[in-house]
Amino acid sequence: MDADYTQKPFDEWRAADWPSTYQSARYANVSGVGIAFAPPHAISRPRSNPRGTVIAPAPPRTGMPSGVMAREVAFSIVDMISRGASAPTHSASMASMGAACIASAGARLRTGSAAAMTMYPVVPDLVRFPGSGRSGPDTYGEIGLAAHWVKHLLHYLFIYKAKARLGWQFIPE
Amino acid sequence: MESVDARIASAPLPTPATVRRRRSLPVQVWWFALINARTMRMVRKGHH
């Protein structure tokens, strides 16, 4: 894809290493989004536990980020087919998109629980956000009943959208 | 080496006040609105 796959140490990782149009570098009519593209490197600094076991979380490319990528690539494809665009017209770098995630931790509308978290951007950008690489106000987490309600609501919304029911276009990724 | 059960038993737990806050209807209704507002802000930032 349109990423920088140059092998480099953690201190040289940059937000710009990540792909933004997801177009294949070899075949212009092929795109790969979500887990279909190879990440240039990890997101977090690789670490190891006291026993030497490597702890290297793989970059998350499912859920909300993959939905956003797919939508933007679809728009690019539309422009390339119907308007004759020679290159992708939309972008969705993980260094310029945020993500929301909810991890359920108990059912029932009155006694359930979940952890809701948002992160912006998904891939840290130390140029725009010196220090942590992420926006403080947009990167947070909260555990409680409200997050369970949100998860419950999303279940219905996403199935409704998947079935293309009336107004599905207004349900965001 | 400490056993898994021992490590779980010594893990930090939320205080009773924290648990009450996480289950309080007025507090969680407010958080529900806030979580949705923040998520929508995230969605708008992702539009290119």
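## Ground rules

Two residues are in contact here if their C-beta atoms, placed from the backbone, lie within 7 Å. This is a predicted model, where local features need pLDDT of at least 70 and side-chain atom pairs count only at pLDDT 80 or more, while totals for chains, interfaces and linings use all residues. Residues are numbered from 1 along each chain as its sequence is written, with chains lettered from A and ligands numbered from 1 in the order in which they are written.

Start with A:Met94: leaving aside residues up to four places away in sequence, A:Met94 touches A:Trp18, A:Pro65, A:Pro121, A:Val122 and A:Val123. A:Met94 is also among the residues with the most contacts inside the largest nonpolar core, a group that includes A:Tyr22, A:Met69 and A:Val122 as well. That core has 20 residues. By nonpolar core we mean a set of buried Ala, Val, Leu, Ile, Met, Phe, Trp, Tyr and Cys residues joined through C-beta atoms within 7 Å; buried means 20 or more other C-beta atoms within 10 Å of a residue's own, these too placed from the backbone.

Helices (H or I, at least four residues) and strands (E, at least two) are DSSP runs, numbered from the N terminus.

## Two domains in chain A

Those domain bounds come from an automatic or database domain assignment. The centres of the two domains, taken over C-alpha atoms, sit 21 Å apart. Across the join, 13 residues of domain 1 of chain A are in contact with 11 residues of domain 2 of chain A. The domain 1 side splits into nine nonpolar, three polar and one charged. For these classes, Ala, Val, Leu, Ile, Met, Phe, Trp, Tyr, Cys and Pro count as nonpolar, Asp, Glu, Lys and Arg as charged, and the others, Gly among them, as polar.

## Where chain B comes in

Chain B has three helices and zero strands, and its C-alpha atoms fill a box of roughly 50 × 30 × 10 Å along the principal axes. Of its 48 residues, 12% are buried.

How many residues does each chain bring to the contact? Chain A puts in 23 and chain B 14. On the chain A side, α2(A) has the largest share, five residues, and the classes come to 13 nonpolar, six polar and four charged. A second, separate core of 10 residues includes A:Ile143, A:Ala147, A:Trp149 and B:Trp31.
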